[in-house]
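The sequence and structure come first.

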Amino acid sequence: MTWTNAYSVKQVGTFLKKRRRERGYTQDEFAEMVGVSHATLSALENGKSVSTKTLELALQLLGLRLVVVPKNAEVSVTVPSQGAKHEI
């Protein structure tokens, strides 16, 4: 399982792009799955403004979840099926 700390929309987009490629989807294929144009998916992956609904659906389709916590928070995440613990 790949984890990331993203501190900007650009970093979220870069992570989504990496994850999409790991799953073997082209931009056109994934854009169709999300229900958006190629241009909208490209905008998302490049940190441009897209709807939160589009971001949420893209995350879900890639098996991801967005979690927002205070900057000074200490967070521990465990993936039940893998027993892996990740400190953030």
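## Helix 1

The buried residues of helix 1 are covered by parts that include helix 2, helix 3 and helix 4. Contact here means heavy atoms within 4.5 Å, and buried means under 20% relative accessible area, exposed over 50%, partly exposed in between (1.4 Å probe, protein chains only). Helices are DSSP runs (H or I, at least four residues), numbered from the N terminus.

The model is predicted: local features need pLDDT of at least 70, side-chain atom pairs count only at pLDDT 80 or more, and totals for chains, interfaces and linings use all residues. Residues are numbered from 1 along each chain as its sequence is written, and side-chain values use heavy atoms, with hydrogens and water left out.

Val12, Gly13, Phe15, Leu16, Arg19 and Arg20 are the buried residues in helix 1. Seen down the axis of helix 1, they fall within an arc of 165°, so they line one face of the helix. The arc is that of the directions from the helix axis to the C-beta atoms. After helix 1 comes Gly24, with a positive phi near 85°.

## Helix 2

Helix 2 covers residues 27-34, and Gln27, Phe30, Ala31 and Val34 are buried in it. Down the axis of helix 2, these buried residues fall within an arc of 105°, so they line one face. The face turned away from the buried side carries the exposed residues Asp28 and Glu32.

Helix 1 (9-22), helix 3 (38-45) and helix 4 (52-61) are among what covers the buried residues of helix 2. Gly35 follows helix 2, and its phi is positive, near 85°.

Notes:
Helices (H or I, at least four residues) and strands (E, at least two) are DSSP runs, numbered from the N terminus.
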